[in-house]
Each structure stands twice: as C-alpha cells, then as structure tokens.
Amino acid sequence: MTTSTFIRTCFFLLLTSIIVQPALSAPVPVKHNDVEYDITVKIDPVNRTIEGKSLITVDKPRELQLVLGAGYEVIQAESNDGPMGAGREQANQPHIWNIPFLFRHRVQFLIRWKGVLAPLDTSLDHQQTLARPVAVSGEAGTFLPDSSDWYPRVVGQLVRYKVSIELPSGQKGLVAGRLIEEHESPQSYQAVFQFSHPAEGIDLMAGPYAIETQTYQNINHKPIQLRTYFHPQISGLSKDYLDAVKRYLELYESSIGEYPYTEFSVVSSPTPTGFGMPTLTYLGVDVLQLPFIRSTSLGHEVLHNWWGNGVYPDYKSGNWSEGLTTFMADYAYKEQESDAAARDMRLSWLRDFAALQPGQDAPLTAFTSRTHGASKIVGYNKAAMFFFMLRDHLGETLFQRGIQGLWKVQRFRMTSWLDVQKMFEMVSGQPLGPFFAQWLNRSGAPAIELAEVKNAAAGSGYELSITLKQAEPAYQLQVPVAVETQQGSTIHRFDLQQAQQTYTLKLTDKPLAVSLDPDLRLFRHLAPGEAPPILREVMVNAATQTVLLSDQPEVRKIAETLASKLQDRKLHTVAPGDLLSAAPTLIIGLQAEIDTWLAAKQLSPRPDETGKKGSAQVWTLARTDGASLAIISAQDAASLEALIRPLPHYGRQSYLVFDGRQATEKGTWPMLVQRVVIE
C-alpha cells in the first residue's frame, strides 16, 4: 500500500506473502490539491482509547469529501462557514462530509474526535491483517492504517501533514516523515512528525520501543537519520539493520539518484506482517529475526522510497511500481549472486504463471494492488520480467538512463505506464509503443514452440532450418534460440512477428541440438513438461480438489484447517475412493494412509528426496494426463498441525521435508527445456 495504500512487497519463502503492496481497500485515484493536515492525537494503548484534533487547510478548494471511520464520536466539526454537524445519522455509519465548490482562496476545517480502538490480536497472520483494515491497539503495539479512516481525511487528495503524538511513558510512536520534536517524561512520550511532500495518507505505529539511531551521509553529503524502533526482545538486532539500510541507500542512490527523505526507520510489529511507507518499513518481530530478511526484503522496502513512495503509480493505468521494485531489488540480488540464481528466479516466475488457470490472469494495466496469489503473479512477477525484457531490448546503458530520468522528472508526481514508456522512448530514441502495448494491455503470454528443425549439408558446411510457432494473435518477439555444436552453444535471436516463421542458419560446424529460450529471457507459457509441478498449483487454482484421508476426527479437523490456509477459499473435498479428475488435487493424510492411497491409485510412491524423513513430507506429482497432485504426509496429528503456519509460504517448491515447523529440506523438480536433438 502507499501511505494510505501501503507499499508492500514480498520476500521469498516465508516472505512470499508477508511484505506486500496491496491496499487494505481499493486504491483511490489521487491528485495534489494543496491540502495540509495538522493532527494532534493522544492514545492510551492499555485502555485502547484515542482522542484527536485535526485542522485541515485546503488552498483553492474544489468539491471535497471528508471521511472519518464509523467507530469514532465527533466532538466538534466546523469550517470557516460554521458548524458542519456529525456527518452521519446513525452510530454505525462513517462520518462523511460533502463540501461543495467554494469560491474562496482557502478553507479550513476543525474536527475533534474520540473513540475506542479494536484490541490488538497477535494471533492474526499477514493475510488476515490485510483483510481487516482496522485500527488496533494494545500494550504490545498500536497500528492505525490509513485505510481504517482513523482520522478525518480528504478523499482522493495528496496531502502534506504534521502529526503530534502523545502516548503513556514506556510507549513510543511514529508516522512516516521527519521527526521534528520529541519529549519524554515520567508520565508521557510526545513526538511531532512532518511530511512536507504530497502523500497519499497517514499510518501510525506505536509500541514499547527501544530506539537506536545512526546517521548516514547521502550522495550529496546531507545527513539522513536512520532509526530502529524495536521491541526490547530484538533490540540487539538494531546495529545490523542500520548497517544494512546504509548499504541499500548507497546502492540505490548510486543507481537511481538522491534519497528523497531525511530519515529512514525500521519498525517492529507485534504481528507477523510487513508494510512499507515513505521513510520507514513496519515488519513483524518474528520476521525481523529471520536471518535472510536484511539481505532480501529490507532492500525491497528501502527501494520503495524511490518507486511507489517517491514516484507515485497512477492506479487508473495500473501499478508499475511493484514490478520495478521487484526487478531492481529481489531480482537484482539474485543477479548479484550468480547467473544461475537469476535464472532460477525467472523460472519461478514462469512456473507461478503456469499455475494460473484461465480467468485468473489480467493485463498489467489492470493491476493496482495485491489481493491474492494470482494478482501477485501478474503485478509483481510478470511486471518484473517486463522490465527485465525492456532492459534486454534497450541494453543496460539506455535502460539505466531511463531509470535515472524517470526519477529525476517524475519525483513526487503521479506516474502512469505511459509516462514510463515516454521516458524510455526519450532516452533511447526508439518507438516503444508496440513493445509496451503487447505486454501491458494483453493478458496471458505468448506460447512459443520449436515446430520443426531440419539440417542439411551445404557445401563444406551445414544449412539449419528452424521453424517457430506461436499462438494467435501473434506477439512481436526476439526469440533466443541456442544452437549446440561440438564447439559449444551459440544464442541466435530470431525476429518472430507471425504465427509461424522459418529461419535458416549457415553453419560451418555440424549442429547437434536446438533449444528454445534455454535461459528463460522471455515471459511466456512454458510448454507441457517444461514447468515442473509446484505446490502453488493447488493453492491458486480455483478448481483444486481436496482429499482428506484420515477418519480420525482430530486429524481430519487439522487437515481441513491446513487445506483452507493453503487455498484461502471454500474447500472442494472429494472422497478418497473417487476417481481423480483433471483438476489439481491436494491430498492430506498420515504417512501410512498416504502410502496406501498412492498404491490404490497406482501412482508413484513417495520420492527419495522426501522418503519418510522428518516429521512431515510434502511433494508434488505430475500425472500422465498433465494434472498435478500435491501430497502432504505427516507422522501424527501434531506434525500435521505444525505445518499450518509455515507451509503456505513455500508455494514455489516441488518438495519439502519438515521437522516440526522447520523446513529442513526443499527443492523443485528439474525443468525440461524445449530441445530438439539433430540426428
């Protein structure tokens, strides 16, 4: 999402569904209309009470709508023209004030409100937190998301703001922005934050934080204040996180441009979630303790201060910021690791896409925020690979100039896909309309195949004929094809613009084999057999059937809960003895039950990679008709229950072994590249 829509994203394994961008409510198109908030708020986390005063100043006003959540009582509401009333007739309705066009230079609104916040529920997982845009409070933490309407806000406007926070002693709070005042006494803590750039809303966080601070000198030698607001039990991690933030700021300032703010904070949450706002990221206490977070998702959140919180996506034309951030953060780290690691990530994107069923896909221009696994596959993965292909198309130098130009010209401005296209056209001098149109406006992806390969002697060499086919309507593609000889493998790029085209190569060495896009540089449908089955197929496919093998009430109840967590929808269960359909099928049972069922269905026994290792085993299996199975096998009820929280985060895996909640082994079945051997 942005400030009101929290910019969030993903990290791998556990983080696949922890850090995200989707809004808790649908994003509203915003514009900058010279709106300023001056908000004073007092919160008592023990009693969960909130009292607030909001002064809203609008220059050159047009028609406006102000909204405050239903759970609050309005004490005072007035404008330059006098009292405004409560903004509602019934207690269970939000307060809404519709302000007509005003013929004046400036108008001010003063609203005082109070209320009782919902209790903090630390048992919720990240998906449940996203599903409840609720302002919550407790001694362990307070979180007031903008989309919960916890303060009176002007709908659909970018705003500047100052927020004064008062909390009891022992609690500390913050919002995105620059800390301009801070006071602490035996009775209370007070802090004032200011955000002078146009922003999409305000999110407030508080908790029993220990604060650590470092200073970073940015690329133009300006001081940037770095802070951690950590719960006491993880305060020892502060230095490592602050050092990591410095490294990311140096990296992105050197490749994009100057960091746009005066501070950046890492804030711990009592719930297992991860949100990113301008100047800060809000991550679960348990998440922050994971060893790989500092080298993956933290950098993603820092980068969102350029893309998403620095240059704003225009949601009317689609949200490009998640794809660009994924490409320049998550994917870039894999490129730094090795070529093989980068290829594996591209394969994971294509595998995820292959798991989608008809109707689950959508054009990139339709993506605004992540609402489920299918939308992430499009808005994050496909968009990231779009930027990868754009870099291939333009070359590294021109692509980098486009990135820097986008930042320089569009900073703190609403930016559409068309604005992105125009910037890359300007720096490259190339028309990019067809390239952008086919990848942004169309759902799906090209399906390309090696239709025919012929080789013939030609004088002292060879003449190799390669026919490529793609489904209609045709994409305009530069298709990488590898030709193997005894001297090695050479990549040729064929300009494919029709449903079928034949290309001829003159070779001096005898060709041995031809492979289609072996390095996976095109976003495309993988051919049957190319995509190894993964757990995500039963997670995102709405037609998935579930087989619960156990008759033991305790085990069956746990299995139902696990299946529901994996699929996040109403289960379609079938009896163990029923014939398997063409739909993906999830099978859950105890070890002996699984082995008996596999034998009865004449399916392959458990693979060597999992055997009966650990306390539970998970693996996928492709049937001869192409349908996939996902099998979950556990020693006992406790071992099965231990999978409920961790297993949904391993959708990209083909097999796993668990010891309790810990995945001790994991992997994917190998991919089979489209390859024709020449006799």
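This is a predicted model: local features need pLDDT of at least 70, side-chain atom pairs count only at pLDDT 80 or more; totals for chains, interfaces and linings use all residues.
Let's start with E19, the strand spanning residues 263–269. This strand is mostly covered, with seven of its seven residues buried.

In a regular strand, side chains alternate between the two faces of the sheet. In E19, Glu263, Ser265, Val267 and Ser269 point one way, while Phe264, Val266 and Ser268 point the other way. Residues in both of these sets are buried.

## Neighbours of E19

Which strands pair with E19? One partner is E18 (residues 223–230), which pairs with E19 in the parallel sense over five bridges.

Another partner is E21, covering residues 280–284. Five bridges join E21 to E19, and these strands also run parallel. Here, Ser268 has Leu283 in E21 as its bridge partner.

## The crossover through H2

E18 and E19 also belong to a β-α-β unit together with helix H2, which covers residues 238–255. What is the handedness of this unit? It is left-handed.

## A look at Ser321

Now over to helix H5 (residues 321–337), where Ser321 lies. Is Ser321 buried or exposed? Its relative accessible area is 0%, and because the cut-off for buried is under 20%, Ser321 counts as buried.

The side chain of Ser321 also has a polar contact to note: 2.7 Å joins it to the side chain of Asn319.

Key
Residues are numbered from 1 along each chain as its sequence is written. Side-chain values use heavy atoms; hydrogens and water are left out. Buried means under 20% relative accessible area, exposed over 50%, partly exposed in between (1.4 Å probe, protein chains only). Helices (H or I, at least four residues) and strands (E, at least two) are DSSP runs, numbered from the N terminus. Two strands pair if DSSP finds at least two bridges between them. A crossover is right-handed if, with the strands pointing away from the viewer, the path from the first strand over the helix to the second runs clockwise. A polar contact is a pair of N or O atoms within 3.5 Å; within protein, one must be able to donate a hydrogen and the other to accept it, and residues adjacent in sequence count only if both atoms are side-chain atoms.
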